[in-house]
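Please look through the sequence and the three-dimensional structure shown below before reading on.

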Amino acid sequence: MKKEKMNFYEHSQPKACAMTQFHAAFVYEKQIKIINLITRQEHDIDTFSNLKGIDIYRESILVYCSKAPLYYSEFKNESEEIWRCYLDQDLLKEALLYC
């Protein structure tokens, strides 16, 4: 019998979340999940710390750990590259808005 891989997110609720114009970020105990709201592409960031919360500051993520804040720059200049996401989905009108 084939053993199914357990989906971590089905059994865990996020501790915090934050959104920008084009992304959503969810904080779990030892992982950050970032989702592009246009393409639905997911990006997981594994961490070694006990994560507590998240904030968006000047297009960057500021994640709060048990001992100190952790700075992660994922959203820097997000609107400059978002036109490619729209173009990949054949949404030319929307892509032209961000060229």
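Among the contacts in the protein with a separation of 6 or more, what share is accounted for by residues 24 or more positions apart? Such residues account for 28% of those contacts, where contact means heavy atoms within 4.5 Å. This is a predicted model, in which local features need pLDDT of at least 70 and side-chain atom pairs count only at pLDDT 80 or more, while totals for chains, interfaces and linings use all residues. Residues are numbered from 1 along each chain as its sequence is written, and side-chain values use heavy atoms, with hydrogens and water left out.

**The whole protein**

- The secondary structure comes to 2 helices and 7 strands, with helices (H or I, at least four residues) and strands (E, at least two) taken as DSSP runs and numbered from the N terminus.
- Read from the N terminus on, the elements follow the order β-β-β-β-β-β-β-α-α.
- Of the 99 residues of the protein, 33% count as buried; buried means under 20% relative accessible area, exposed means over 50%, and partly exposed lies in between, with a 1.4 Å probe and protein chains only.

**The open sheet**

- An open sheet of 4 strands has the order β1-β2-β3-β4 with antiparallel pairing, and two strands pair if DSSP finds at least two bridges between them.
- The edge strands of this sheet are β1 (16-19) and β4 (42-46), each of which pairs on one side only.
- Neighbouring strands of the sheet are turned by 15° against each other on average, direction ignored; for such angles, axes are lines fitted to C-alpha atoms, for helices over the stretch in contact, and the angles run from 0 to 180 degrees between N-to-C directions.
- Strands β2 and β3 pair in the antiparallel sense over 5 bridges, and they form a hairpin with 3 residues between them.
- Strands β3 and β4 also run antiparallel and are joined by 5 bridges.

**Strand β3 and its residues**

- Strand β3 is mostly covered, since 6 of its 6 residues are buried.
- In a regular strand the side chains alternate between the two faces of the sheet.
- In β3, Gln31, Lys33 and Ile35 point one way, whereas Ile32, Ile34 and Asn36 point the other way, and all are buried.
- Lys33 lies in β3 (residues 31-36) and counts as buried because its relative accessible area is 6%.
- The bridge partner of Lys33 in β4 is Asp44, and the side chains of Lys33 and Asp44 are also joined by a polar contact of 3.1 Å; a polar contact is a pair of N or O atoms within 3.5 Å, and within protein one must be able to donate a hydrogen and the other to accept it, while residues adjacent in sequence count only if both atoms are side-chain atoms.
- Asn36, also in β3, counts as buried because its relative accessibility is 8%.
- Leaving aside neighbours within four places in sequence, Asn36 is in contact with Phe22, His23, Gln41, Ile82 and Cys85.
- A polar atom of the Asn36 side chain lies 3.1 Å from the backbone nitrogen of Thr39.

**The nonpolar cores**

- The largest nonpolar core has 12 residues, including Ala18, Val27, Ile34 and Val63; a nonpolar core is a set of buried Ala, Val, Leu, Ile, Met, Phe, Trp, Tyr and Cys residues joined through side-chain atoms within 4.5 Å.
- The elements that give two or more residues to this core are β1, β2 (23-27), β3, β5 (51-57) and β6 (60-65), and β6 gives the most, with 3 residues.
- A second, separate core of 6 residues includes Phe22, Ile38, Tyr86 and Ala95.

- Arg40 is placed in the loop between β3 and β4, in a hairpin with 5 residues between the strands, and takes a positive phi near 65°.
- Arg40 counts as exposed because its relative accessibility is 56%.
- Asp90, in the loop between α1 (78-88) and α2 (92-97), has a phi near 60°, a positive value in a residue other than glycine.
- Asp90 is exposed, with a relative accessible area of 70%.
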